[in-house]
Amino acid sequence: MAQVPEYIPGLAGIPAARTSICYIDGSAGKLQYRGFPIEVLSERCSYEEVAYLLVFGHLPSASQLEEFRNQLVSERGLKFRIIDLLKTLPESGHPMDALTAAVAAMGMFYKGDHIADPEFRRLSVIRLIAKLPTIVTAWHRIRRGDDPIKPSHELGHAANFLYMLEGEVPTRLAERVFDVALILHAEHSMNASTFTARVTGSTLTDPYAVVASAIGSLAGPLHGGANEQVLTMLERIDDRSPHAVRSWAEDRLARKDKVMGFGHRVYKVKDPRATILQGLATKLFKKFGSTPDYDLAVELEGQMADLVGNKGIYPNVDFYSGIVYQKLGIPMDLFTPIFAISRVAGWLAHLLEQLEGNRIFRPSQIWVGETDRAFVPIEERA
Ligand code: ACO
């Protein structure tokens, strides 16, 4: 009898690609894009520079970065029919669904000959990175009855997003905090949405279908949806005294309910992105005042370290990102779309890498059903 291969739920620990995009050492809390530590990139670069690094594999020269920025700026606008499409969607729908629909539709407006065409690939990369923020902000305004704000040609990627939300140019601090948040979310190795992007890309479909499928994957509460759930969870904790927070956490853990924003498949120490975001949050709060949710989050982090730190369950990037976005005045249901407008650079880097020496994904399965069953005509069935 043939040996049955072992089934690994969630494919945990099974390599799905050879890659040089993102290096993570989960036990040391190390994260690097193309070999550069995230701490350095988040301190020294803009999102555009990091997106270039991820997609093209090297840091740009000053002129390469300027050209890339100009190309992004020139592709920020949306075709009026994509705006019309957004207008037909129910305003009560989740922005992630609106984003999926609009990105899938982009594939119809920007048809290329074949994914093997380098010019089609290059243009698609630029368009996707450039237009996702415009789609998210346009949808947000359309659903509340306002006209979308046209993208600015002067502002950087991060500032332009904040500008297109309410029409106000953000402060330098708000712009920098948001830029860093985008950098921190731009790539994270073989997570569910990136795996989705690689699987979809391996069929040689167009990049818009690849990104639309990845957005669908990111939307789930165990992945990109977690930062939204962190705030909902925090807002439900009425008694915020240390003793009550500990009882709340103990009770939740005893019921085997997940504490949102904690735990990670890869990190067994605090997620380095959470540490960087927390530093930014502190700067924001120093300038604009703290929030009750941040104080509660810090208390919960301490209690959780005491209760489950020995199991390697620490805050992940989502624990503080929602709190930062809330302070920037961003509505809660845009948190996951913001994740998408950042992660699109990582998805595209993986798509391009997948296409080098591509082989379509086709894993096996372990059969647990019956075989060779006798067919019973419908009139004879119980
Ligand atoms: N709260 C409480 N217990 C937890 C948590 C948590 N957040 N995360 C893991 N655990 C416990 C599990 O109950 C389990 O305990 P057990 O061994 O006693 O049964 C053990 O740790 C292992 O947990 P798994 O769910 O098997 O870990 P996995 O690696 O599969 O899941 C995941 C990782 C999905 C992130 C998980 O930690 C989780 O659901 N966290 C909450 C949601 C979240 O914050 N997601 C964002 C992830 S980061 C991102 O996508 C950007």
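User: How should I read the area buried between domain 1 and domain 2, and which atoms give it?

Analyst: Buried area is the accessible area that two parts lose on being put together, summed over both. In this predicted model, the figure for domain 1 and domain 2 is about 1600 Å², and carbon and sulfur atoms give 75% of that. On the domain 1 side, L173, V177 and L184 supply 31% of the area buried against domain 2, more than any other three residues.

User: Which parts of the chain are the two domains?

Analyst: The domain assignment gives 18-219 + 343-355 as domain 1 and 226-327 as domain 2. Their C-alpha centres lie 27 Å apart.

User: How many residues of each domain are in contact?

Analyst: Contact means heavy atoms within 4.5 Å. By that rule, 21 residues of domain 1 are in contact with 20 residues of domain 2.

User: Which helices and strands supply the side of domain 1 that touches domain 2?

Analyst: Strand 2 (30-33), helix 1 (38-44) and helix 8 (172-184) each supply at least two residues of that side. Helix 8 gives the largest share, 6 residues.

User: What classes of residue does that side of domain 1 have?

Analyst: The side of domain 1 that touches domain 2 has 10 nonpolar, 8 polar and 3 charged residues.

How values were computed:
Residues numbered from 1 in each chain as written. Predicted model: local features only at pLDDT ≥ 70, side-chain atom pairs only at ≥ 80, totals over all residues. Heavy atoms only, no water. Domains from an automatic or database assignment. Buried area = accessible area lost by both parts, 1.4 Å probe. Helix = DSSP H or I, 4+ residues; strand = E, 2+ residues; numbered from the N terminus. Nonpolar A, V, L, I, M, F, W, Y, C, P; charged D, E, K, R; others polar.
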